[in-house]
Amino acid sequence: MPLIKLRGVPVDFPFAPYQCQEDYMKKVIECLQNKVNGVLESPTGTETLCLLCSALGWRENFKDTISDRKIAERMGGAELFPDRPMSSRGTAATDGDTPTSYTDVPKIIYASRTHSQLAQVIKELKNTSYRPNICVLGSREHLCINQEVMRQESNHIKVHMCRAKVSSRSCVFYNNVDGKSTDKEIMNTLLDVEDLVKTCKKQRVCPYYMSQSLKQHADVIFMPYNFLLDPKSRRAHNIELKDAVVIFDEAHNVEKMCEESSSVDLSPHDLISAIEVVDRLLREQASDISQTHYAQGFNVKSLNYGLKLNIDTIAKLKQILMDLGSSINDFEMPANNQGITKPGSFIYEIFQTANVNFGNKTAIVEAMEQITVYLAGRPGVFLNTSGLQKVADIIQLVFGAKHKEDSKKSQMGNGMKEFKVHIHPDTNNFTTKRQTDLWASSSTKKQGNVLSYWCFSPGFSMQELLGQGVRSIILTSGTLSPLSSFTCEMQIPFPVSLENPHVTQADQISVSIIEKGPDGVKLSTAFDRRFVPENMSSMGNTLVNLTRLVPHELLVFFPSYPVMDKTVEFWRASGHAGRIEKVKPMFVEPRDKGTFTEVIDGYYDKVNDPNSSGGSFIAVCRGKASEGLDFHDTYCRGVVITGLPFPPMMDPRVVLKMQYLDEMCKLNISGVKYLSGQEWYRQQAYRAVNQAIGRVIRHREDYGAIFLCDHRFSGTEARNQLPSWVRPYVKIYDNFGTMVRDVANFFRTAQKTRPVPVRKGEAESSEKRADTRPLNRGTGLGDTSRKAKPLDSHIPSLKRRQLESEEHKRKPVSLLDVPDDTTKKGREDTMVWVERTSPLSSLSLQHDKRLDRESRGGKRKIKVVQQRKTTNSCTEKTDNDFMMELRRCLSHENFKIIVEALQSYRTTDDLSNFLVNMVEPLIRDTHGLLRGLYQFVRPHHKKEFDQRCLELTGEGCGYKPEHSLSREEQEALRQNTAKAEIPPGSPPKEQPNSSRQLYQGGDNIGGNVRSEDQNPKRFQKESIQGGLSCSSLLSGIKQAIGAEKTHQLFSALQAYKNSNNYEKMVSTVVSLLTERNEDITILKRLSVIIPPQHRKQYSELLKSLTGNDSVA
């Protein structure tokens, strides 16, 4: 690894850095040397690596400086290495400080939004030569391995049970922490959260408390944002910030996280829960007093068993909670139920009604915390103290040290501007228990109100963080622009800033703004258009085409989960999802964290499958997939943005944020430039878009395409909000066909000029062939000496599936063909019984998969008898697998019913009775199994069974007329088709007025007809003539695509004949004929009417789209 020197600091970088990386690392070191803050924007995808190497290089140099000073002191000022005097280091490391101990070396606190992002950071750290002591802080939810604790549903109960077990030392994993705290496997290994849990499970030690132990000796501490920004979390995890270097990666999220960490919502449920806890404790104390009154003298302290509160204090605490609840609930809501908004200082008036103020707030909070700790450590029935803790938290926030200063300013009218009090009805419909309580006021019996205390300035948390005595705060991300407004909102000085360019070149990126779908409908996810069927259908047609066009994997981002869910549901009902699945199986981002891991793993498996044509990952902007995950190389060759993800306009918090910014703009503070409310609102949408766009280019050799599928992106303002590295390559298309042509050419060029990484599956198979060429793991690239696969290996044929010849049998399938859906992790919900493009339909989806495998392995040169034997064997194996799946999914009783029904159907051939017996066990939650029975249905019943499945489940079984043929008829058809194979250059016989045969394939119309239907003399005559007549061709087209499209097509061809404008003709024709696989076939047929001067260009276009030459 090359050692470079930046600002006097040696930095060990994994490879020779390019200029923008050096500039970035210099800025990091400048911040650390000068003890100042920095905001750094770098969209290269390697900012994490630069950040780690520069910060750790500076830290190593800092430590070496201390060593040199200690040696110089021992040698009486003499130099140990005269040729390298200590003075040569200057103040580069320590900024003139004179640290005398290694404990003076600053710790690095590295924060990101999620643990998955932190895992990526630690993965990058492993690619460097630096091996610092690290630890990762996490919650019990991520780190606890005690099964009894993890079985609890509520996180609060998990915390309570964990603390109880720790205090009683009844957790065997916690008891082993002290003995394993110096274990070398844990201490000297770079472990992320997942690795830490695995290692601690093996060592039978608690990961949560082990991470707390490792923190004491760690050089670098990794943690999520909220651990650092939330004062409660800082206290809970005992995070020391004095002289520490604080780094926020993916800092475009910091604004929101700062605001949320200083905001709180107090619901009626929280207050009632707190009152119930205090009331129960009060009743217990009163009961104990009455029982011991006669046995001994009244002694309250002897009854508290460790609780240092007398009964009067507990009673006062209950009264405070009751008064606070009454004060909040006494507000009458307006008719529109939008709530009431007050200035931030109004919060003191609310608490004053409950007798809480700066004078007694400390005693009240301590009393609440004592009760919480006392009840948590007490064995017996669990009491939910989360409400009481919530009240204590809001009191600490409201009456904090900074708030005390601001409250004095607020009396003069210039404080608390960053806070708002919003009181609104509780929408959770929490019903309180109707219990007899003499203290309860009448206001608690009506619907309660929620007290929201919201912060609208991230600077509040940042100033508090800076007040902890940190050395430097560094904020970095790929999308921070404009930096002026970003730094302004942070309200702390940033003397160092950087806006780095991207390393992309023109042949690495294609950016298309698609205003209209292939059907001419204007694309938009605006509020009034997002759920219009015509719009969702056009978006589906657009995505169907893009899945064919983009090689390997495709990421699709929606503005929000509701829009994504509704659109995908529409696509499944309309058939668009099935057409997408035929090319790239869909993986839809779930909302919950647990399921997300399972889905993304399935997506990665599809990427690594060497027999796969790719997958499509459907996600949302601001979601888990839109940031933090590294979709390099084939993991993402295209990003589709389906709309602008504006925040919800009617959300009270959004409205108040915009009002706050407008107020700050009116103040005209000298030297400070705030965004207006509308500017901020638009910026939130474009930042989310820019973050999603950043998934496509992850290193210097990566390439990909960006598709902005919303007509609003074509506006000048929208384009100016795109990243600076994207803007030079933006092209606006109002014609879909032109976009298809340009993007196809882009990928074809990129694959010829850029190295292609080896997929995981291909790498494994190459190892088996004794190929020992190493992979470059530093950049995620494979052997760069290998030529990129041509676009032909990804673009599908225009017609039927053709079995590849022996010399091309390892060539991947093209995008228009049906992809191999035989991954080991088959998911029932993605099993779509869709029509295949093979001329021979199978009796089941499993049989179709066998044909897919054969198409990838070349044409099978075996006798028909052997083929029949293989088919039967395959079908029998598939039947057995399906029956095993039935047994696994159904109860024993239902499985028995299914088996008996199958046996009865085999004997009686009565489909109606068969369906009656099958529907009850299978219709509820196992629709896929019901459709799976299609393979057992006899040919003459398949159509009826398909219709019944469609009625019952909303999805058919992919019935085709060929499915109704008997085995003998299918075998005869298979043999006839084999005989009918025609050489690629030979034109077949004319089939006028037949749109069905227009779609069957071949190099000309009717190219896939039965051999017995061909007239040899006519065939010979047509060969001499060189093809079909134009009139018969156009007649077939009219029947195939309908009158409206044919009229547009004829008009374009006529205009081309008159003007000779080839570009205009191709744009129109491609736009009309790329919506469906079948329509694309017609492009090939039109080659007969292309004049000689343009035939070569047309041939190249077809080759880009189809993978083979179509014009002689």
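## Basis and confidence

Residues are numbered from 1 along each chain as its sequence is written, and side-chain values use heavy atoms, with hydrogens and water left out. As the model is predicted, local features need a pLDDT of at least 70 and side-chain atom pairs count only at pLDDT 80 or more, whereas totals for chains, interfaces and linings use all residues.

The average pLDDT of the protein (the predictor's confidence in each residue, from 0 to 100) is 75, and 72% of the residues score at least 70. The pLDDT is below 50 over residues 430-445, a stretch that has 21 contacts in the model (heavy atoms within 4.5 Å) beyond near neighbours in sequence. Residues 979-1029 also stay under 50, and for them the model has 89 contacts beyond four places in sequence.

## Overall make-up

Of the 1112 residues, 54% count as buried, where buried means under 20% relative accessible area, exposed means over 50%, and partly exposed lies in between (1.4 Å probe, protein chains only). Among contacts with a separation of 6 or more, 76% are accounted for by residues 24 or more positions apart.

## Helix α44 and its partners

Helix α43 (residues 1043-1059) and helix α44 (residues 1062-1072) have axes that come within 9 Å and cross at roughly 165°; such axes are lines fitted to C-alpha atoms, for helices over the stretch in contact, and the angles run from 0 to 180 degrees between N-to-C directions. The two helices are therefore roughly antiparallel, on a scale where angles under 35 degrees count as roughly parallel, over 145 as roughly antiparallel, 65 to 115 as roughly perpendicular and the rest as oblique. The crossing of α43 with α44 is left-handed, a term used if the near helix is turned anticlockwise from the far one by less than a right angle, clockwise being right-handed. From α43, Lys 1045, Gln 1048, Leu 1049, Ala 1052, Leu 1053 and Tyr 1056 meet Tyr 1062, Met 1065, Thr 1068, Val 1069 and Leu 1072 of α44. By class, this contact holds 8 nonpolar, 2 polar and 1 charged residues, with Ala, Val, Leu, Ile, Met, Phe, Trp, Tyr, Cys and Pro counted as nonpolar, Asp, Glu, Lys and Arg as charged, and the others, Gly among them, as polar.

Helix α31 (residues 736-753) also meets α44, with axes that come within 6 Å and cross at roughly 100°, which makes α31 roughly perpendicular to α44. Here Phe 736, Gly 737, Thr 738, Val 740 and Arg 741 of α31 are in contact with Glu 1063, Val 1066, Ser 1067, Val 1070 and Ser 1071 of α44. The residues of the contact of α31 with α44 divide into 4 nonpolar, 4 polar and 2 charged.

## The α10 and α11 pair

The axes of helix α10 (residues 193-203) and helix α11 (residues 207-215) come within 10 Å and cross at roughly 110°, so the pair is roughly perpendicular. Leu 196, Val 197 and Cys 200 in α10 meet Pro 207, Met 210 and Ser 211 in α11, a contact with 5 nonpolar, 1 polar and no charged residues.

## Mostly covered helices

In helix α26 (residues 576-583), 7 of the 8 residues are buried, namely His 576, Ala 577, Gly 578, Ile 580, Glu 581, Lys 582 and Val 583. Helix α14 (residues 254-261) is likewise mostly covered, with 6 of its 8 residues buried; these are Val 254, Glu 255, Met 257, Cys 258, Glu 259 and Ser 261.

## Single residues

Thr 372, in helix α19 (residues 361-376), is buried at a relative accessible area of 6% and touches Thr 385, Leu 388 and Gln 389, leaving aside residues up to four places away in sequence. Ala 16, in the loop between β2 (9-12) and α1 (19-34), is exposed at 52% relative accessibility.

Most residues other than glycine have a negative phi. Lys 35, in the loop between α1 and β3 (38-41), has a positive phi near 55° and is partly exposed at 37%. Asp 243, in the loop between α13 (231-236) and β7 (245-248), has a positive phi of about 65° and is partly exposed at 42%.

Methods. Helices (H or I, at least four residues) and strands (E, at least two) are DSSP runs, numbered from the N terminus.
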